[in-house]
Amino acid sequence: MADSHVSIVFVNWNARGALLAALASLHAHPPSTEWDAVVVDNASGDGSAAAVAHHFPDVKVILNESNLGLAAANNQGIAATSGQWIVLSNPDVLFTSGAIDALVDTLERHPQGCFAVPRLTYPDGSGQPSAGDLPTIVEALRGRRGRRMNRASASPTHGYWWYGWSHDEERQIGHGAEACYLVRRAAVVHIGDQDERFPLDWEGIEWSRRAQERQWEVWFCPSATIVHEGGVSVRQAQRRWILSSHRGMYRYFAPTLPLPVRAGLAAVISVRAAAKLAVSVADRRIYARSQVRTGLP
């Protein structure tokens, strides 16, 4: 890694506390080689940018006047950095000792490797599913039901997410969790930037598919551990996330289907999105009633 230069890109929206903790963990556990970091702030209203400038003056901040979405902001961060390796990260992560070095080592040993995905854990130390196959339409539509079916499968390394897998083996995968992962800049030059038609969700899966269509590989790295809280920004705009996720699902699968089938897929995904929105509204009402009963703030 002596000649490696690593750039770390954070995309942030109203996650001030988590972002500052992530940057602190990065400074406590940096790569062992030259590195730089940039925060692309998607018009946060919580003072995130000012806090970063105050506490971490070595970190470059890009201020967007509006929320451009995750893919566009990732592309901004990639364009604003010069590292041959790029870590794309959510703000709600904590880096651990040697994690970034392990990701770089993985791609250095696999010259066709485009992305390296770490092992994710929750703050309590339990594991998060971090790897899987590129999804089929049926798997995507099944969602959580598909997760239960995968747990019962005889093969733990099969399906959209590998829920039964121990995540202790370095191996080639279809796609990985996008909370934090390493990208080879030379591969980006070949496959292109993230598709900005996927502003939130499915952008990483589409990128992984496009990379593999061009003979690049995605690797899982068990020796790199990243702590991921999850949902810090999404919880603030759950309705927007549900709609964006379902649009992304349609845009991912539609180009592979005949035109007459696309209309049917659009209808099915629309019904699924409506059901998800209804559940989301019901959950918020239940939470609000519980606050009244318990007197919680």
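Rings of Phe, Tyr and Trp (for Trp, its six-membered ring) pair if their centres lie within 6.5 Å; planes under 30 degrees apart count as stacked, over 60 as edge-to-face and the rest as tilted. The structure holds ten aromatic pairs of this kind. The model is a predicted one, in which local features need pLDDT of at least 70 and side-chain atom pairs count only at pLDDT 80 or more, while totals for chains, interfaces and linings use all residues. Residues are numbered from 1 along each chain as its sequence is written, and side-chain values use heavy atoms, with hydrogens and water left out.

## The chain as a whole

The chain has ten helices and eleven strands. Helices (H or I, at least four residues) and strands (E, at least two) are DSSP runs, numbered from the N terminus. Of the 297 residues, 50% count as buried; buried means under 20% relative accessible area, exposed over 50%, and partly exposed in between (1.4 Å probe, protein chains only). Among contacts (heavy atoms within 4.5 Å) with a separation of 6 or more, 77% are between residues 24 or more positions apart.

## Aromatic rings

A pair of aromatic rings is described by the distance of the centres and the angle of the planes. Two of the pairs are set out below.

| Ring pair | Distance of centres | Angle of planes | Class |
|---|---|---|---|
| Phe-115 and Trp-207 | 4.9 Å | 40° | tilted |
| Tyr-160 and Trp-161 | 5.8 Å | 20° | stacked |

Phe-115 belongs to strand 6 (residues 113–121) and Trp-207 to helix 8 (residues 203–213), so this pair ties together parts that are 92 residues apart in sequence. Phe-115 and Trp-207 are both buried.

A charge sits over a ring if NZ of Lys or CZ of Arg is within 6 Å of the ring centre and within 35 degrees of the ring normal. Arg-209 lies over the face of Tyr-252, 3.9 Å from the ring centre. Arg-240 is placed over the face of Trp-13, at 5.2 Å from the ring centre.

Strand 6, which holds Phe-115, is mostly covered, with eight of its nine residues buried. Two strands pair if DSSP finds at least two bridges between them. Strand 6 pairs with strand 11 (residues 217–228) in the parallel sense over eight bridges, and there Pro-118 has Cys-221 as its bridge partner. With strand 10 (residues 180–184), strand 6 pairs in the antiparallel sense over two bridges; the partner of Ala-116 in strand 10 is Leu-182.

In strand 1, eight of the eight residues are buried, so the strand is largely enclosed by the rest of the structure. In a regular strand the side chains alternate between the two faces of the sheet. In strand 1, His-5, Ser-7, Val-9 and Val-11 point one way, and Val-6, Ile-8, Phe-10 and Asn-12 the other way; all are buried. Strand 1 runs parallel to strand 2 and is joined to it by eight bridges, and Asn-12 stands opposite Asp-41 in strand 2.

Which residues of helix 2 (residues 48–55) are buried? They are Ser-48, Ala-49, Ala-51 and Val-52. Seen down the axis of helix 2, these residues fall within an arc of 165°, so they line one face of the helix; the arc is that of the directions from the helix axis to the C-beta atoms. Ala-50 and His-54 are exposed on the other side of helix 2. The cover over the buried residues of helix 2 includes strand 1 (5–12), helix 1 (16–28), strand 2 (34–42) and strand 3 (60–64).

His-27 has its place in helix 1. At 29% relative accessibility, His-27 counts as partly exposed. Leaving aside residues up to four places away in sequence, His-27 touches Trp-35, Phe-56, Asp-58 and Val-59. His-27 and Phe-95 are 68 residues apart in sequence and 9.0 Å apart in space, C-alpha to C-alpha.

Helix 4 (residues 99–109) is mostly covered, and eight of its eleven residues are buried. Among them are Ala-99, Ile-100, Leu-103 and Leu-107.
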